[in-house]
Amino acid sequence: MKCLSNQKVRLILRQCAQHRSLLRSGKELHGVLTTSGMKKAPRSYLSNSLFQFYAASGDTVTAQKVFDEIPLTEKDNVDWTTLLSSLSRCGYLVDSMKLFVEMRRKRVEIDDVAAVCLFGVCAKLEDLGFGEQGHGFAVKMGLLNNVKVCNALMDMYGKCGFVGEVRRLFETLEEKSVVSWTVVLDAVVKWEGLENGREVFDGMPERNAVAWTVMVAGYVGGGFTGEALELLEEMVFKCGYGLNFVTLCSVLSACARSGNLVIGRWVHVYALKSCNDHVMVGTALVDMYAKCGDIDSSIKVFRSMRKRNVVTWNALFSGLAMHGKGKTVIDMFQEMVREVKRPDNLTFSAVLSACSHSGLVEEGWQCFHRLRSHGLEPKVEHYACMVDLLGRAGRVEEAEMLMRGMTVPPNEVVLGSLLGSCSVHGKLEIAERVKRELVEMSPGNMGYQIVLSNMYAAEGRSDVVDRLRGSMRNRGIRKTPGMSSIHLNGSVHRFIAGDRSHPRTKEIYLKLNEVIERIRSGGYVPHVSPSEVDLEDKEQALSCHSEKLAVCFGLLVTKPRTTLYVFKNLRICQDCHSAMKIISMVYDREIIVRDRNRFHQFKRGSCSCSDYW
């Protein structure tokens with residue numbers, strides 16, 4: 001080893017970093033340098049080379065450890081910036097921000113690379129305050145003359161919703177790159193809408209694949225299937241842009257959020273011809289089909305994949321959980337462990353969620369206790385799933401006891417889940433305790449007051465109800481309106497409760513009257529919940545819920561026996577759930593409803609959730 005010069009060692013480490021097959025050799029060389037004492041030789045800079053090796057190979061934890069061992073006098077701004085970039089790239093965002101503060105405190109020179117990294121971290125965290133401080137520093141140091149820094153700064157403001165600032169910075173740019181235009185486009189589509197976004201898109205002197213993807217994903221998310229297909233075809237067949245795995249995953253993600261199966265299937269066909277079984281695309285397809293209501297296709301794609309990783313399994317388990325197939329998840333868990341060896345925190349969250357949606361209490365407890373055997377500690381999301389599982393099953397006292405004994409402080413999700421269970425099972429005393437904690441945690445969120453108000457109404461305590469609702473009215477607080485959407489013939493049709501804005505409103509309400517009459521004959525009895533106590537015509541209000549209007553429109557314009565897919569922003573109410581079961585039987589239709597929490601597959605008079613949701 002002594003015959004190797006320091007320069008030769010550094011060269012070998014650089015080669016090891018560039019080739020994944022040599023990573024093990026680089027680590028072995030680290031061991032030799034340590035045991036031989038060469039690493040500690042003054043001014044050898046071998047520790048710097050080792051640090052660069054680990055940072056380049058993605059081993060951020062070891063890179064940080066080696067970096068900390070380097071004397072301050074032997075660290076240059078390249079080392080600091082490399083660590084900053086490595087932490088950011090590997091998701092250690094808060095650590096990146098702390099490191100930047102340390103760099104400023106130790107007067108390390110901040111270059112354009114460090115500034116780009118900082119604004120990227122702020123964008124991911126949507127931390128406007130820190131980003132604005134960075135903006136001031138960049139102006140002071142003259143870094144905004146660099147177009148890459150300015151693009152990163154614009155992206156930060158765009159991610160935080162400050163489109164005006166994005167436009168202002170864009171106008172000051174002397175050199176507007178295609179990336180600059182794309183950053184503006186992304187911000188405008190997200191915050192100002194598709195119409196303004198299309199103006200930016202049409203005015204771009206040059207478009208890259210990212211710009212096309214932003215517009216396509218925007219149209220998909222907005223329910224404009226025809227426009228999305230036109231753009232996809234122009235992008236691929238006229239402009240010659242092949243859809244790489246990043247673009248495909250972005251579009252599939254938009255399909256999953258909006259429930260657009262038409263575009264999702266188009267992308268699937270394209271991917272089969274071009275992507276050679278890319279694991280990320282396959283995973284995105286599994287997720288898309290599950291979230292669009294076609295769980296059978298999701299499973300089929302999963303089984304056809306030649307390569308799968310833990311993310312793929314997590315996507316499948318989450319999809320199965322949403323569809324109430326908890327037993328299937330439990331049965332497949334051991335297969336997953338054999339294949340990927342180490343399930344992660346998200347795996348256990350998905351499995352526990354599946355148990356919750358299927359009422360598998362004992363299986364859920366077994367899964368929760370199995371965390372540590374896989375080298376994991378229970379996190380707040382695991383406790384949230386368990387509290388939800390116990391609460392749904394009516395074991396509300398046990399759920400509260402588990403929450404009080406948590407090893408981490410409960411967050412709003414945990415407390416909110418327990419409050420929801422109290423509402424379902426009439427546990428007013430526990431609900432009052434939980435509500436007080438929620439108000440302390442989130443004073444501006446009055447949704448909890450609405451839940452408690454409904455519970456008081458169910459108990460017949462009208463004086464308390466009037467006081468609470470009066471207070472909410474005075475503060476301008478209103479219940480979030482239910483909204484349902486249905487994709488038909490390449491367009492998305494949206495309805496809110498009592499909606500009369502649709503062009504075919506008259507036909508829809510005539511169909512609604514017909515449906516109500518027919519399902520009454522089939523045994524339907526309106527269920528008046530506490531949230532309707534203030535309405536004069538309770539049954540009429542129930543019949544006009546958004547999902548009923550969406551289904552009536554679907555019955556009106558589709559052929560008999562066509563499956564209807566409806567997507568709702570809130571939890572489906574008990575009355576609509578009962579009505580959908582009977583509609584599926586009377587009209588011989590399969591109706592799939594995705595509400596805020598899960599899927600309900602109504603078929604021949606029953607629901608896949610077995611009335612457990």
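# Aromatic pairs, cores and a helix in a predicted model

Trp365 and Phe368 are three residues apart in helix H22 (residues 361–370), and are thus separated by about one helical turn. Helices here are DSSP runs of H or I with at least four residues, strands are runs of E with at least two, and both are numbered from the N terminus. An α-helix has 3.6 residues a turn, so residues three or four places apart point the same way.

This is a predicted model, in which local features need pLDDT of at least 70 and side-chain atom pairs count only at pLDDT 80 or more, while totals for chains, interfaces and linings use all residues. Residues are numbered from 1 along each chain as its sequence is written, and side-chain values use heavy atoms, with hydrogens and water left out.

## Aromatic pairs

Rings of Phe, Tyr and Trp (its six-membered ring) pair if their centres lie within 6.5 Å; planes under 30 degrees apart count as stacked, over 60 as edge-to-face and the rest as tilted. By this rule there are 13 aromatic pairs. Two of them are set out below.

| Pair | Centre to centre | Angle between planes | Type |
|---|---|---|---|
| Trp365 and Phe368 | 6.0 Å | 80° | edge-to-face |
| Phe495 and Phe553 | 6.0 Å | 55° | tilted |

Trp365 is buried, with a relative accessible area of 16%, and Phe368 is buried at 8%. Buried means under 20% relative accessible area, exposed over 50%, and partly exposed in between (1.4 Å probe, protein chains only). Phe495 and Phe553 are both buried as well. Their pair links distant parts of the chain, since Phe495 is in strand E2 (residues 491–496) and Phe553 is in helix H31, 58 residues apart. Elsewhere, ring pairs join Phe51, Phe67 and Trp80 into a cluster.

## Nonpolar cores

A nonpolar core is a set of buried Ala, Val, Leu, Ile, Met, Phe, Trp, Tyr and Cys residues joined through side-chain atoms within 4.5 Å. The largest has 154 residues, and Met156, Leu185, Met288 and Phe317 have the most contacts inside it. A second, separate core has 33 residues, including Leu549, Ile583, Tyr587 and Phe602. Leaving aside residues up to four places away in sequence, Phe317 touches Val329, Met332, Phe333, Met336, Thr347, Ala350 and Val351; contact means heavy atoms within 4.5 Å.

## Thr558

Thr558 lies in the loop between helix H31 (546–557) and strand E3 (564–568). Thr558 is buried, with a relative accessible area of 17%. A polar atom of its side chain lies 2.5 Å from the backbone oxygen of Gly554. The side chain of Thr558 also makes a polar contact with that of Arg589 (2.9 Å). A polar contact is a pair of N or O atoms within 3.5 Å; within protein, one must be able to donate a hydrogen and the other to accept it, and residues adjacent in sequence count only if both atoms are side-chain atoms.

## Helix H26

Helix H26 (residues 428–441) has 14 residues and reaches 20 Å from its first C-alpha to its last, close to the 20 Å expected at 1.5 Å a residue. The expected span is 1.5 Å times one less than the number of residues. Leu428, Ile430, Ala431, Val434, Lys435 and Leu438 of H26 are buried. Seen down the axis of H26, these buried residues fall within an arc of 140°, so they line one face of the helix; the arc is that of the directions from the helix axis to the C-beta atoms. On the other side of H26, Glu429 and Glu440 are exposed. The buried residues of H26 pack against helix H24 (396–404), helix H25 (412–425) and helix H27 (447–458).
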